Structure formats: C-alpha cells, structure tokens
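Hello,

Here is the structure I promised to pass on. Please open it and keep it beside this email while you read.

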Amino acid sequence: MKKAAISIAAVAAVLLQSAAAAPVFSAQSYPLAPREHPARLLGGADLTSDGLADLVVLTDSGGVFVFARTAGGTFSGGSSVAHDAVFPYTMALADFNGDGRTDLVYAVATGLRVLLQGSGGFEPGVRIDLGTAAVPRLVEALLAGDFNNDGKPDIAAADNDEANSGTPANSVFFAAGLGGGAFDTARPRLPAPLWPRRLLGLDANGDGRGDILIGAASGAPAITRYDTASAVFVQHAFPSIGLESLAEAAPGDIDGDGKLDLALLIDGRNGSYLRLDRGNGSYAFTTQTTRLPPSAVSGLRLGDFDNDGKADLLLALQGGNAAAAILRGRGDFTFDAPQNLGAGFDAAGLARGDYNSDGRLDFALIDAAAGRLVVFLQQ
C-alpha cells in the first residue's frame, strides 16, 4: 500500500504560532510478537468486557492482537485473537449481535471474517465471501455502523480489485446487519467512485444518520447515504481532488460552528498534501488549504488535545525526527506550529482516546520498524 507523505516543515511555514501552554505526554512501549509487522491500529472500544477502552493491532502477516487496558492506563501484552494465512489490510469494530460487547470484523483473502466477543474472548462468527480462493478480492477498507438506519450495525467493504473480473469489483460491498451476528449479503453494491480505497463514517448533514465518505484511488471522493423514503443508497458529489487519491480523512468541527468539517491527507502526483474542507451542514464542503511539499506522514486525527474547546490536528510521522506532531487549532481553520512528540520512527497506525480515564485525550502509534505499540498518555 502506498504511504502518504507531507512536510511538517512546510506546515510550520504556513501555520500560526501560539504562546499558550502545550499538552505534555509520556510514552509507554509494548512489543509485538516476533516477526509480526504492524499494519493497522484501532482504539477506544472495550474488547475485554471490563468497561475499559482497549487497543487492537492487525498485522500484515495475519495476526490480530488485543492490548487490554488497566484502570491506570497501562496495557497488557498483546493477546492473539485470530490468525489467517493471508495478508489482511483492514478491520472494524461494532456490536454485531446486540449483546453489549464489541465485536470485530477484518479482511481475509476471499472476503471478511467476523469474530464475536463472548464471555471468554473472541469466538468464531460468520465468514462473508466476496470471491473464491482462485479469484480473491482486495479489500482495502472496512467500515462498520448503522448505515441503513434500522438500528443494527452493517458492514461496508471497499473492494478495489481491478485485476479480477470474474465477480463484481471496484465497488463498495454492503452487508446489512440482521441482528444476532447475521448479515444480508445479497444487497446491491453501494454507489461509489471507481477503485475505492478509503471509507469514513460521518454524519455530513447533521441529521443523526450515518453516511459514508468513499475515497477513490484516482479521482474525486463521494458521500453515500441511505435515503429512507426510497429505501436505496444515493451518492452525493464531493469537492474534486483531480486524479489524485484520498489517503486519510478525519472528521471534526474545526471552526466551532457546530457543523462537520474534514481534514484530508491527499496523495498527489507531486507528493501528498493536507486539505481542510469546511462543511455547511449539508453535503457540500469548501476547500480551505493549498498543496504542500512532501515528506513523511502516515495518518491524521482531529481532537481537542489541549482542552481549550478547539479542534487540534494530530499527525503520525514516518522517517523524521519525531513520531507524531500536534498542531493546536485556533478555531478559525488556522493552526499553531507543530509540537513534535516522541523519538522518530515509522508510525504505521494511529488511534486517539482517553486511555487513563482522566478526561484528556491520549493517542497511540505502532512502530512498524521495531514491531511495537507506543501509547502516549497526557500528563
């Protein structure tokens, strides 16, 4: 998978400085099993049924490891919960059977594997086939949520398999949740741009219903929503990015007007760049930023890390002098210069959440080169 990149020095040159106090973090490191290469990280869900938010790491050799959190903010060593002899790229979390526990879905060579959390940990659930062993699919992104507004979580999978033509490809597969961990897989595929590669759940128009931002490998993203009146999914246009691709996206209210905005990391022909899109409470967005020279950035999130009521930008870095950077928001679509955090390493995943229950945002990265999980707790 192509790594996105952006220049932190260039960001500093165009963003405003601030003299206010910056958040302070301490880092904790947790090794992964030998020969495992971390590829994805999710956090913020209770994966051990103890009421605490845990972290889960998916590796490119097929392992899925849960790092269980303690009340003090430390994490146990990663416990393997699933393994397939393939190279999964992505996963998603939701309560698929309605028992109050968080379940897991991740991609395998020919489809999706759903694992249900029981009293003793994860148990085998259903396997959803998208292809065959001879004609596997390439699922680059997964998303779980209630997208048809029936109160049951569904699964959307970006099926970007341009090499195979035996079964429908280059579209978004939709499995409607039926409750009890079962799914209706006979639904038509969702309206989507060609070669989908990123999926983001959001409420674009503020109506309390789940929409899906679909990013393409080449060309403009689109927002797909469920139209209750006609009982079908429809597609809304999104501001063009030309023939470039959406690498990462983070939703949040950047300017404090109560409407959803987006931070986008776009993989361009001349290097990647950061774009901020201002929302107007419907499905229209206005672009706020310009292209920046490339350097290594692998992920981004929005959140109020300094507790001033304004959205800040968190970046995961690769191959630089820092592992991450926080750009503190000023509430007007401008940000402070980057506050670099941690020793430089290649961050392959990024998650944010309150991991020590002190009411302040923390974050976690995975160090691909060293094979470890690194958790940054705010002090």
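Below is what turned up, starting with the whole chain and ending with a few charged residues.

The model is predicted. The protein chain has 28 strands and one helix. Of its 379 residues, 54% are buried. The chain exposes about 14800 Å², and carbon and sulfur atoms supply 51% of that area. Take the contacts with a separation of 6 or more: 46% of them join residues 24 or more positions apart.

Now the salt bridges. A search of the whole structure finds 11. One of them pairs Arg328 with Asp306, at 2.7 Å from N to O. Arg328 sits in the loop between β24 and β25, and Asp306 in the loop between β22 and β23, so this pair ties together parts that are 22 residues apart in sequence. Both Arg328 and Asp306 are buried. They also belong to a network of salt bridges with Arg330 and Asp336.

Another bridge joins Asp184 and Arg187, at 2.8 Å. Asp184 counts as partly exposed because its relative accessibility is 22%. Arg187 is partly exposed too, at 34%.

Asp358 and Arg360 form a salt bridge at 3.1 Å.

Last, look at Asp362, in strand β27. Which side chain of opposite charge is nearest to Asp362? That is Arg360, 6.4 Å away. A salt bridge needs a nitrogen and a carboxyl oxygen within 4 Å. Asp362 is buried and has no salt bridge. Its side chain does reach the backbone nitrogen of Tyr355, at 2.7 Å. Asp362 also touches other residues, including Phe25, Phe305 and Phe376.

Best wishes

Notes
Residues are numbered from 1 along each chain as its sequence is written. This is a predicted model: local features need pLDDT of at least 70, side-chain atom pairs count only at pLDDT 80 or more; totals for chains, interfaces and linings use all residues. Side-chain values use heavy atoms; hydrogens and water are left out. Helices (H or I, at least four residues) and strands (E, at least two) are DSSP runs, numbered from the N terminus. Buried means under 20% relative accessible area, exposed over 50%, partly exposed in between (1.4 Å probe, protein chains only). Contact means heavy atoms within 4.5 Å. Accessible areas come from the Shrake-Rupley method with a 1.4 Å probe; for residues, only the protein chains shown count as cover. Lys and Arg count as positive and Asp and Glu as negative; His and the chain ends are not counted. A polar contact is a pair of N or O atoms within 3.5 Å; within protein, one must be able to donate a hydrogen and the other to accept it, and residues adjacent in sequence count only if both atoms are side-chain atoms. Lists of a residue's contacts leave out its neighbours within four places in sequence.
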